[in-house]
Amino acid sequence: MPSKLEQLRAMTVVVADTGDIEAVRRLKPQDCTTNPTLLLKAAETPAYARLVDEAIAWGAKQGGDHDAVVKATCDRLALNFGAELAGIVPGRVSTEVDADLSFDTEATLAKARAFIKAYEERGIGRERILIKIASTWEGIRAAEVLQKEGIDCNLTLLFALPQAVACADAGVFLISPFVGRILDWHVKAGEGPFTAETDPGVVSVRAIYAYYKAHGIKTVVMGASFRNTGEIEALAGCDRLTIGPALLDQLAADEGPLTRRLDPAETAGAPARLHLDEKAFRFAMNEDPMATDKLAEGIRQFVRDLNSLRANVSARLKGAQAA
């Protein structure tokens, strides 16, 4: 019998959730996505020193304000990793807008456009890139504009149906609901124990998937942030699933049967069609403490890791300029 990973690939597009280039080569996913945490880890790995060194050498030649140069160098580093990954996967690479721009629509637009321009200058077309943006009201508004410009977006840090509804109304290409982080919140709240079927993250993604299919919404649902293979198996059949290397390896080693759990034709119990303006969106999020907590926490975590990356780059730039 083929492995569960091979069976999963027959019903779901498998995406690698990693900045580990060698893992991507080995696991051969269709797409690849990274975030500031994964990029920070990869940048500190000796195997990728050439990508870091190139960005630092470029940054050391730039004039002007040091902090601005640090940010520009971090962008170049993200592009270096993105371009490398685009040369490996046949599909899309997600590149994330700085998390500290999560509540700034205009700055998010500027950053996204700059990323696309820089990729195109490297010969990588916009059809190969997804711009990754936090699912705040401001981020969703930026994505709406970008989609009309032919720049496809991946809305991340998504924890609840109101975010999915707003993304659908904005014509977003893809959303990344965070399965494991939803589970984390409920476990921390003293709930459970949960099975794969009752896992609140799984339940949430199934509801969003059913909502999209029932109402003919074309936005791609890509489950993310998994804690175990049980969550992945419970979402087999989802449009896409982005999975870390350790869990991909576990699925590759398991030759048991894998049953399709999500089917676009099966939408019984799907929520009624909704349309949310800004006030309704913010109120709905306020009424969901899990979604509110995890969105804020996720942005803080990504900003923290982004600042760590910037500190690392700053120190290296000063060393290069002093040499």
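A residue counts as buried when its relative accessible area is under 20%. The views below show a predicted model.

**View 1. Trp137 and Phe281 form a tilted aromatic pair.** The ring centres lie 5.3 Å apart, with 45 degrees between the planes. This pair links distant parts of the chain, 144 residues apart: Trp137 belongs to helix 7 (residues 137-148) and Phe281 to helix 13 (residues 278-286). Trp137 has a relative accessibility of 11%, so Trp137 counts as buried. Phe281 is buried too, because its relative accessible area is 4%. Arg141 lies over the face of Trp137, at 4.3 Å from the ring centre.

**View 2. The structure holds 4 aromatic pairs, and one of them joins Tyr48 and Phe81 edge-to-face.** The distance is 5.8 Å centre to centre, and the angle between the planes is 75 degrees. Tyr48 sits in the loop between helix 3 (36-43) and helix 4 (49-60), while Phe81 is in helix 5 (residues 66-86), 33 residues away. Both residues, Tyr48 and Phe81, are buried.

**View 3. Arg92 lies over the face of Phe173.** The distance to the ring centre is 4.6 Å.

**View 4. Strand 5 (residues 153-158) pairs with strand 6 in the parallel sense.** The pairing runs over 3 bridges. Pro177 of strand 6 is the bridge partner of Leu158. Which residues of strand 6 (residues 174-177) point the same way as each other? Leu174 and Ser176 point one way, and Ile175 and Pro177 the other way. All four of these residues are buried.

**View 5. The largest cavity holds about 230 Å³ of space.** Its lining has 21 residues, and those closest to the centre are Leu39, Cys74, Ala78, Glu96 and Asp98. Helix 3, helix 5, strand 3 (93-96) and helix 14 (289-322) each supply at least two residues of this lining. Helix 5 provides the largest share, 7 residues. By class, the lining of the largest cavity has 11 nonpolar, 5 polar and 5 charged residues.

**View 6. The second largest cavity has a volume of about 40 Å³.** In the whole structure, 3 cavities of 30 Å³ or more are found.

**View 7. The largest pocket contains about 550 Å³ of space.** Among its 30 lining residues, Asp17, Thr18, Asn35, Leu38 and Gly244 are the closest to the centre. At least two lining residues come from each of helix 3, strand 5, strand 8 (240-243), helix 12 (245-253) and helix 14. Which element gives the most to the lining of the largest pocket? Helix 3 does, with 4 residues. The lining of the largest pocket divides into 11 nonpolar, 13 polar and 6 charged residues.

**View 8. The second largest pocket contains about 210 Å³ of space.** There are 13 residues in its lining, and the closest to the centre are Asp75, Leu79, Ala114, Phe115 and Ala118. The elements that give two or more residues are helix 5 and helix 6 (105-121). Helix 6 supplies the largest share, 7 residues. The lining of the second largest pocket has 7 nonpolar residues, no polar residues and 6 charged residues.

Technical notes:
Residues are numbered from 1 along each chain as its sequence is written. This is a predicted model: local features need pLDDT of at least 70, side-chain atom pairs count only at pLDDT 80 or more; totals for chains, interfaces and linings use all residues. Side-chain values use heavy atoms; hydrogens and water are left out. Rings of Phe, Tyr and Trp (its six-membered ring) pair if their centres lie within 6.5 Å; planes under 30 degrees apart count as stacked, over 60 as edge-to-face and the rest as tilted. Buried means under 20% relative accessible area, exposed over 50%, partly exposed in between (1.4 Å probe, protein chains only). A charge sits over a ring if NZ of Lys or CZ of Arg is within 6 Å of the ring centre and within 35 degrees of the ring normal. On a 1 Å grid over the protein atoms alone, a cavity is a set of points where a 1.4 Å probe fits but cannot get out, and a pocket is an open set with protein on both sides within 12 Å along at least five of seven lines; lining residues have an atom within 4 Å of a point. Grid points are joined across faces, edges and corners, and a volume is the space filled by probe spheres set on the points. Ala, Val, Leu, Ile, Met, Phe, Trp, Tyr, Cys and Pro count as nonpolar, Asp, Glu, Lys and Arg as charged, and the others, Gly among them, as polar. Two strands pair if DSSP finds at least two bridges between them.
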